[in-house]
Amino acid sequence: MIHRKKGYILVEMLLSLLSFSYLMFVIVSMLVKLSTLTIDYQMINYELAIKQLKWQIAFNNHFEKKDEHYCFDYYLSQRCLNIVNNRLILTPGTQIVLTGLTHLVLIEDKDALFIEGQLHGKTWRYHIWDLQ
């Protein structure tokens, strides 16, 4: 009479346990690394706002300085960049482009216009437009 044994033998069980343990180690170490990764969504929003502003200026490509304000034509109206209470605002109207920053200034440097501000103690500067 032949008896068949059903089930795993000890070596198979140890190999499956070892491979499962290794996979868990890899997954946990990846999750730890991902949890320490920080994305500054606020800075991404600021970069998007600057890109939208550049798009509006590029629409007519006419940008000039008038009475301490930088103005450009957009469709049938003229818009100007103003800094009020550390906010970059487009006038006429009150379209707030950037807010939540400190020490916000518009800077002319080497025939280009930059906006500079501080966020969480770090100073950042973005190119807005060439003034040539």
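**Rings, burial and polar contacts**

Author: Trp55, Phe59, Tyr74 and Tyr75 are linked into a cluster by ring pairs. The model is predicted: local features need pLDDT of at least 70 and side-chain atom pairs count only at pLDDT 80 or more, while totals for chains, interfaces and linings use all residues. Residues are numbered from 1 along each chain as its sequence is written, and side-chain values use heavy atoms, with hydrogens and water left out.

Reader: Why is the pair of tryptophan 124 and tyrosine 126 called tilted?

Author: Rings of Phe, Tyr and Trp (its six-membered ring) pair if their centres lie within 6.5 Å; planes under 30 degrees apart count as stacked, over 60 as edge-to-face and the rest as tilted. By this rule there are seven aromatic pairs. For tryptophan 124 and tyrosine 126 the centres are 4.7 Å apart and the planes stand at 55 degrees, so the pair is tilted.

Reader: What makes tryptophan 124 count as buried?

Author: Buried means under 20% relative accessible area, exposed over 50% and partly exposed in between (1.4 Å probe, protein chains only). Tryptophan 124 has a relative accessible area of 8%, and is therefore buried. Tyrosine 126, at 19%, also counts as buried, as does asparagine 82 at 12%.

Reader: Which side chains does asparagine 82 join through a polar contact?

Author: A polar contact is a pair of N or O atoms within 3.5 Å; within protein, one must be able to donate a hydrogen and the other to accept it, and residues adjacent in sequence count only if both atoms are side-chain atoms. The side chain of asparagine 82 has such a contact with that of histidine 69 at 2.3 Å and with that of threonine 91 at 2.8 Å.
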